[in-house]
Structure formats: structure tokens, C-alpha cells
Amino acid sequence: RAEGEAWLAANDGTMRGVVAGLCVLSACGVAAFSPTGGGLPLFQGSRANTRALSALRMEKKSDLEKVLDLASSSLATLARGPPGGFVSGYSVELDNGPKVRVNGVREYSESLPSIRPAKPLELYEFESCPFCRKVREALSMLDIDVIVYPCPSEGDRYRPKVMEMGGKTQFPYLVDPNTSFQAFESDAIVRYLFQTYGDGIVPLELSLGPITTLSCGAVSALRPGKGRKSRASGPAPEQVLELWGYESAPPVRLVRETLCELELPYKSVTVARGSFKFQQLKEREGKCQVPYLSDPNTGVKMFESADICEYLEETYGSKTWSSSSSKTTSSTSTSTTSTTSTSDSVVLDPLHAPPIVVEDSGPAWEEPAQEEEETVAVVEAEIVSEDSDENEGGDDSKDSKKDTKA
């Protein structure tokens, strides 16, 4: 107790400053994010100021969401550890040569096999699946590129194809066009990858059974609902996108989640620590930074996860397709309305319309008159027949009939 009192006395000024700062921040936060501006004179004013304040709140909320997303993605990386962040046989040494990722540091792998698949592999999966994560980690460790076909829940673009090829909708599902290998089950896929394109030995971090599964599941637990459910609308892009990155990079995970939810196919170019492809990216774009997205459908090439996610939402998101579909629907309804109004004018004003001859039966507007005459003739025939029936009844029926006619 004496030590505590001494510490408080020594840091009394600091504690007062911290408390005062927290009070000020709390007041500003309440005023900025309350619906009415907190009733403070600073935030009261015209409607224009209110709209500007609302836009400022949305901007701050958006920035806050970005920070929280990156923070939770970083925590997910810490929960899983290094798998998927380094190539197999990763080594580092001091070097000032041109082929260095960081100044003075050279990252490489001497044990990484030189056998590379001639055709890119195909992986059907979704981001939040822990078993799919194991396969993506193995691909990053082996430095193998793969075309990813996202199959999130409630998606209908590539799930039917998996059912057609494998007979069930289970993920991950890997297709290797180089060897005709097709399989479910993450352990079988990882074993095949290391036996075919590695040294045949599955790393310990991928072969611990339930421990590996639980640690992969911890990543999904820290990113609840992300990369799990489809939000796609509209057709798929004509060409697959290209994403440079590696499995455990927090910013790359944010981009993969968006790609998965929008069901956008992409070629995953793995650039884990120690990959030789980082030099290709550096020569291509002048720097080695991930994530890097290239969209051949629009010609867009960009870095920064936040910018990439915004681009994907604006280009392929549900809002874009809903607005385009609404425009198409409105234009279709307008044309239909104009056509209907034109046809109505023809019917309502037949005198100014050109006659329509149907098998020499005369103009079309003369047909109703003929039908009326035929109808009258039929009615008269019926009346006559009734008269004839009544005439058979005797004189009384004749007298009643005369009264009715009168």
C-alpha cells in the first residue's frame, strides 16, 4: 500500500493528464457519433453543416473499420503462426547484391525443388475453411501458383461444377491438369503436393492432425463471417484476375476474403518469403509489395489492400450490378410503355390508321359491325323458335304473347 501511494504521488500529474485526455476524447466521440451532434454548440448549425458532419462520421467509421479489419487479420496470423509465410527450406543471409528483398538481406531456398507444374493447378475452396487454409499454406510453402475458384456458402458459380466433377460439394477440391489428379480431403492433397512438387516430406506444422486443424480454425474465429457467404451478383468476369501474395500476409487475406465473397476467380501467384518470384514482381512494377492485383478485364493494376477491396466492390460488387440491372429494367419498361401507347392509339383512333386487309374480308374495323348483325340474327332466330314453341300451347299463350309484344 505504501509503495502504491508513493507511485501515485510521483505520477500524479501524469495520471491527471491521462484522465483529462480520456474525458476530452469521450466527449468528442459522443458529440461526433451521436445522431443529433450531442447538443454541443460546436456541432449545431445549418443543414449543410449537418450533412458535412454525417459524411465525416461515415468517413471516420470507414477508416475505423479498415483499421479493425487489418488488426484482426494480423491477430489471425499470430494465432496460426509462420506456415504459409515462408517457402520450404527458407534461408537468409546478408547480401548487398541486386537480388535482395530488403536492403542488405537476401532471402532464398536451396532445398526448394526445381520441379514446377507446366499448367497451373485449380483449387476449389472458400477463404474461411480451415481445411482449405492448410492446402493454401502448402501451395505457398512450395511456391506453386494456382487458379482459385471461390465456392462460398450459397454460391452458385462453381459449386455445381464441383458436384459434377467429384459427385459432392466438399472443400477443398484440387485438380492438377498436369497429372490428372483430382481429390478432396486436405491431408491427401497436401501429401500429394509435397510428394509431387516437393521433397516428399510434409512439414510438421501441416501434419499435426487436430492441432493443425484447431490453429487453422482460430484464424476463422478471429475473422467471423469473412470469406464465408456469397455476395455475388451478375456474371463472372471473362478472364481470371491475378493476385500476388502469400497465405499468412494480413493485407492479402483481406483481398482474398473479398474475392471469395464476390466469387471472383483469380490466379494466386505465391510470393512467400524466400520466393524467387519476388524479383519478377520487382522488375515488373518497380517494387516488391503485396498484395498486388492485376485485372486483365479492365487493365487495372494496383497495390494496397484497402484500394483493391474498394475497386473490387465498385467493379464487381452487388451495388454495381443492381444499378445496371435497374437501368436495363427501366429502359425496357419505357420501351414497352411506348409500344403499348402506340398500339392503344391505333385501336382508339381507327379512322386515321391504315386499313388492315385479312383475306379480302375488308378493313379490320368493319368486322365488329358484321359480328353484331350476326348476333342479332341469332337472337331473332331464338325468339322465333320460342314463339313457335309457345304457339303450340294454345290460344291463351298467343294472347299473353301479344300482350308482351305490346
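Reader: What volume does the largest cavity have?
Author: About 140 Å³. Keep in mind that this is a predicted model.
Reader: Which residues are the closest to its centre?
Author: Arg136, Ser140, Glu247, Arg256 and Ser268. They are among the 16 residues that line the largest cavity.
Reader: How does the lining of the largest cavity split by class?
Author: It has 9 nonpolar, 4 polar and 3 charged residues.
Reader: How many cavities of 30 Å³ or more are there?
Author: The structure holds 2.
Reader: What lines the second largest cavity?
Author: Arg80, Gly81, Pro83, Arg133, Glu137, Val219, Glu247, Ser248 and Arg253. By class, that lining has 5 charged, 2 polar and 2 nonpolar residues.
Reader: New topic. How do the axes of H8 and H10 cross?
Author: At roughly 5°, and they come within 9 Å. Helix H10 covers residues 305–316. The angle is under 35 degrees, so H8 counts as roughly parallel to H10.
Reader: Which residues make the contact?
Author: H8 brings Pro251, Leu254, Val255, Thr258 and Leu259. H10 brings Ser305, Ile308, Cys309, Leu312 and Glu313.
Reader: And how many of each class in the contact of H8 with H10?
Author: 7 nonpolar, 2 polar and 1 charged.

Note on methods: Residues are numbered from 1 along each chain as its sequence is written. This is a predicted model: local features need pLDDT of at least 70, side-chain atom pairs count only at pLDDT 80 or more; totals for chains, interfaces and linings use all residues. Side-chain values use heavy atoms; hydrogens and water are left out. On a 1 Å grid over the protein atoms alone, a cavity is a set of points where a 1.4 Å probe fits but cannot get out, and a pocket is an open set with protein on both sides within 12 Å along at least five of seven lines; lining residues have an atom within 4 Å of a point. Grid points are joined across faces, edges and corners, and a volume is the space filled by probe spheres set on the points. Ala, Val, Leu, Ile, Met, Phe, Trp, Tyr, Cys and Pro count as nonpolar, Asp, Glu, Lys and Arg as charged, and the others, Gly among them, as polar. Axes are lines fitted to C-alpha atoms, for helices over the stretch in contact, and angles run from 0 to 180 degrees between N-to-C directions. Helices (H or I, at least four residues) and strands (E, at least two) are DSSP runs, numbered from the N terminus. Angles under 35 degrees count as roughly parallel, over 145 as roughly antiparallel, 65 to 115 as roughly perpendicular and the rest as oblique. Contact means heavy atoms within 4.5 Å.
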